[in-house]
Every structure is written in structure tokens, then in C-alpha cells.
Amino acid sequence: MSFLTRKYPFKQSEHLLRDSIVYGVIIWAILYFLQPFGFSMYSGNKCMVAALFGLVTSCCCAFYNWAVFRQLLRCIKPWRIWHEGVATLGLILFIAICNFLLFSYIFHYPITFPIFLMFLYWTLIIGFVMTVMSIGIDYNRFLREKMEALLSNTTEEQKDICITIHDTNVRGNDLCIPINDLLYIEAQKNNISVCYLINDKPTFVEVHTTLTAVVEELKDYDNIFQCHRSFVVNVNNITSARGNSNGYQLRLGTCTNTIPVSRSYVPQLKAFIA
């Protein structure tokens, strides 16, 4: 539910008429060249009939965007993801109903209440799937691009910054490294294992201290993120993240190890990039 209530991050297209025409051309091309839904059995002018469905689609898009979509955008602020989803589903339903009526007229197909309900049922299911896929893909692309830009900026800002991890052992040596070279830190009993880059190769060093103490020392650096009770990572060096709301597996830099993000830390990771 928290995802649906987030502000929709994309600007609405300023070329609604052009977009409507493009959608109409796509429908014409699908019907004329692929000829789905038994369209290949039609003996008349297929190009003309396909063009009619494309024209209806274009007109529906243009009318819906002008009469409904723009009015909703003016009245509802901020525009959230669930608003975009409902509006998109409404557009799909409107186009489907108009094309269904055109189909019935051209092919002399009788419209009965049970048939219309069945059509409405499948349209809503397909429309819901298309809406979720469309918004989900766009939103994930936005987060990925924002994450890349954020990390790139942070890396550039911190290129001359070094961090010091203090060894609490009496004869221990403190570890001082450039922050951009840090990959992750792992808690190991009474020590921590620090993985960082030397000439782009992962190197591991043990330091006698606790992960809690390190997190406290590095709390002023937003890119140092605790993703697990035993792991702290430098998010600037994340190269891949796979998983879901139950947890993620991270890869950092050239290191082949996978770092877990436990379920309790997933919301914090998403909040960091959202």
C-alpha cells in the first residue's frame, strides 16, 4: 500500500494528440499485419476495417485525455501512483468498450448482457495486468536512473575523503581507506572483516572492533548503510540487487560475495533510493 500512495514521479506527456495517433496506428498495424481474434477470416477490406479500429482508438485516447485525464490532474494534487493506475485502467476500459461496439456493428455480432459482462470481465483482468506492468516498469526504471545519478554524484563528492576504522586492540592498527574503495563490512565474533578495493581488487582486513562501533563512527556518511545485523555496505558500490520485499542479495564492485539485505532493512533501502 505504501508503494501505491507514493507520488507519481513522471511528467505527463505534453503531446496527447500525437500520442493518441500513435496508439491508433499501433492498433491498425496489429490488426492488419497480425490479424488476431479471427480477423484473418474477414473477407472484406481488412485495411479499411483495421483503420476504423485504429481511428476509434485514437479518438478515445484524445477524448479521454482531454475530458477526463487533464481534469483529474488539475483537481488531484499530489498525483499518486494509484491515481495513475486507476486513470490508465479507465482509459483501457473506455477504448475496449468503444471498439467492442464497433466490432458488433461491423460483424453484426449480437450484444447480450451476459456477453457484455464476459467482455467486461476479461477487459478488466487484461487491463489490470497491463496497467501494473506499465507503471511498474516505468517506476522501476525511474528508481534505477535516480539511484545511478545519486550514487554517481555521491562518489564524485567523496573522491578525496578517507575514513578511519579504529582498532580497539591495544596493539592494533587503525585502518584508513578512501571511502569510495570501501565495499562492505562484516561482523565476525569479536572482530569485523573489512572488504575494500586495492587496484580494483577486493582485499579483506580484520579489525578488532564491533559493527555497532563502526556504524556509529560512520553515521555522518549517508552512503554507508547497514543492510543486515552483520553487514554494512557502501551503497555507492552496489552493482546488482536481486530479491523482493522479503530480502535482497547485493553484489558490490568486483567482489564475488553476495551480501544479504534482511527483510527488516528492505524498507530503509527502498526509502534511500525512492
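The radius of gyration of the protein, taken over C-alpha atoms, is 27 Å, whereas a compact globule of 274 residues would have a value near 19 Å. The globule rule behind that comparison is 2.2 Å times the number of residues to the power 0.38. Along the principal axes, the C-alpha atoms fill a box of roughly 90 × 40 × 35 Å.

The model is predicted: local features need pLDDT of at least 70, side-chain atom pairs count only at pLDDT 80 or more, and totals for chains, interfaces and linings use all residues. Residues are numbered from 1 along each chain as its sequence is written, and side-chain values use heavy atoms, with hydrogens and water left out.

The protein has 6 helices and 10 strands. These elements are DSSP runs, numbered from the N terminus; helices are H or I runs of at least four residues, and strands are E runs of at least two. Buried residues make up 34% of the 274 residues. Buried means under 20% relative accessible area, exposed means over 50%, and partly exposed lies in between (1.4 Å probe, protein chains only). Contact means heavy atoms within 4.5 Å. Among contacts with a separation of 6 or more, 53% join residues 24 or more positions apart.

The accessible surface comes to about 17,100 Å². Carbon and sulfur atoms account for 61% of that surface. Areas come from the Shrake-Rupley method with a 1.4 Å probe; for residues, only the protein chains shown count as cover. The protein carries 22 positive and 19 negative side chains. The centres of the two sets lie 12 Å apart. Lys and Arg count as positive and Asp and Glu as negative, while His and the chain ends are not counted. Each charge is placed at NZ of Lys, CZ of Arg, CG of Asp or CD of Glu.

A search of the whole structure finds 0 disulfides. A disulfide is here a pair of cysteine sulfur atoms within 2.5 Å. C176 is in no disulfide; its nearest cysteine sulfur, that of C162, is 4.7 Å away. C75 counts as exposed because its relative accessibility is 67%.

Helix α1 spans residues 16-34 and contains L31. L31 counts as buried because its relative accessible area is 13%. Beyond its neighbours within four places in sequence, L31 is in contact with P36, F39, A50 and F53. L31 and C98 are 67 residues apart in sequence, and their C-alpha atoms are 16 Å apart.

The loop between α1 and α2 holds F39. At a relative accessible area of 6%, F39 is buried. Residues up to four places away in sequence aside, F39 touches L31, K46, V49, A50 and F107. From F39 to S13 the C-alpha distance is 32 Å, at 26 residues apart in sequence. Q35 also lies in the loop between α1 and α2. Its phi is near 50 degrees, a positive value in a residue other than glycine. Q35 counts as partly exposed because its relative accessible area is 23%.

The next loop, between α2 (46-75) and α3 (81-106), contains P78. The peptide bond from K77 to P78 is cis, with omega near 0 degrees.

A positive phi is also found at K189, where the angle is about 55 degrees although the residue is not a glycine. K189 lies in the loop between β3 (182-188) and β4 (191-198). With a relative accessible area of 88%, K189 is exposed.

Strand β7 covers residues 231-234 and includes V232. V232 is buried, at a relative accessible area of 3%. Neighbours within four places in sequence aside, V232 is in contact with L183, Y184, I185, L211, V215, I224, F225 and Q226. The C-alpha atoms of V232 and L183 are separated by 8.7 Å, and the two residues are 49 apart along the chain.
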